[in-house]
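Me: Please take a close look at one part of this model. I would like the ligand site, in short sentences.

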Amino acid sequence: MSSHDAAVSDEALLAALFTDAHTARSFRDEPAPIEQVRRAYDNARWAPTALNSQPMRLDLLASPEARQRLAPLMAGMNQEPVLSAPLALIVSADLALDKSMRELGTSEQMLARLAGSLEMRKSLARDSALIQLGYLVLALRAEGLDVGVMTGADLAGVDAEFHADRPWQAIAVVCVGHGDADAFNPRAGRHEFDAVSQVL
Ligand SMILES: Cc1cc2nc3c(=O)[nH]c(=O)nc-3n(C[C@H](O)[C@H](O)[C@H](O)COP(=O)(O)O)c2cc1C
């Protein structure tokens, strides 16, 4: 049986990943172990990416001091989540992704094209890092962690503060932990399939 034949029908699993999972914005005083993020990454890294480029990079802000450096760069309502979470991730796209792609066996011809075009590297890195971010959210939830994705931030300022020594471009901040009683807004609506699709 090939892997795509294996439909997932476990209701509890599907609820944890999809129907019951939603954005957490405040957190209990309970750790989010790095080991769980490592396991989540080990699952999420199987996401499809353009040319198998895998451009997503992570800063794990595990110390209160590191999260205090981030908080002033967040939009007002996003500061409290960053300060209350036991862990915040800066998720970035590596604009020098051609360097790491060499290790993954990308052809020299493609590497040369990428090396010659910052525009190509930027669009490839951003598109695929966003897909990897989506997978990472699911994988963190599969670990039993609550997450809140946030782009309301001075992302250029985040790069200046955390990435002065490397060409990583921040695309989002993800708060990770265990939601407290006030963590969740009422479930926001979702579009029906028929409203968002056409069968041709
Ligand atoms: C790319 C992205 C950016 C987001 N930015 C913010 C943000 O800056 N602040 C915030 O409170 N929530 C943010 N969110 C969370 C969304 O508002 C939330 O996922 C959406 O309203 C659905 O709510 P639910 O996850 O509780 O169902 C963001 C989510 C995504 C995917």
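How far does a polar side-chain atom of Thr 23 lie from an oxygen atom of the ligand?

Reply: This is a predicted model, in which local features need pLDDT of at least 70, side-chain atom pairs count only at pLDDT 80 or more, and totals for chains, interfaces and linings use all residues. Residues are numbered from 1 along each chain as its sequence is written, and side-chain values use heavy atoms, with hydrogens and water left out.

The distance for Thr 23 is 2.7 Å, from a polar side-chain atom to a ligand oxygen. A polar contact here is a pair of N or O atoms within 3.5 Å. Arg 190 also places a polar side-chain atom by a ligand oxygen, at 2.8 Å. For Asn 78, a side-chain N or O atom is 2.9 Å from an oxygen of the ligand.

The protein buries 65% of the 620 Å² that the ligand exposes when taken alone (Shrake-Rupley method, 1.4 Å probe). Two elements give two or more residues to the shell: helix H4 (76-84) and strand S3 (146-150). Both are DSSP runs, numbered from the N terminus (helices: H or I, at least four residues; strands: E, at least two).

The residues around the ligand are His 22, Thr 23, Arg 25, Met 77, Asn 78, Val 149, Met 150, Thr 151, Gly 152, Arg 187 and Arg 190. By class, the shell holds three nonpolar, five polar and three charged residues. Asp, Glu, Lys and Arg count as charged; Ala, Val, Leu, Ile, Met, Phe, Trp, Tyr, Cys and Pro as nonpolar; the others, Gly among them, as polar.

Conventions. A residue is near a molecule or strand if one of its heavy atoms lies within 4 Å of it. A polar contact is a pair of N or O atoms within 3.5 Å; within protein, one must be able to donate a hydrogen and the other to accept it, and residues adjacent in sequence count only if both atoms are side-chain atoms.
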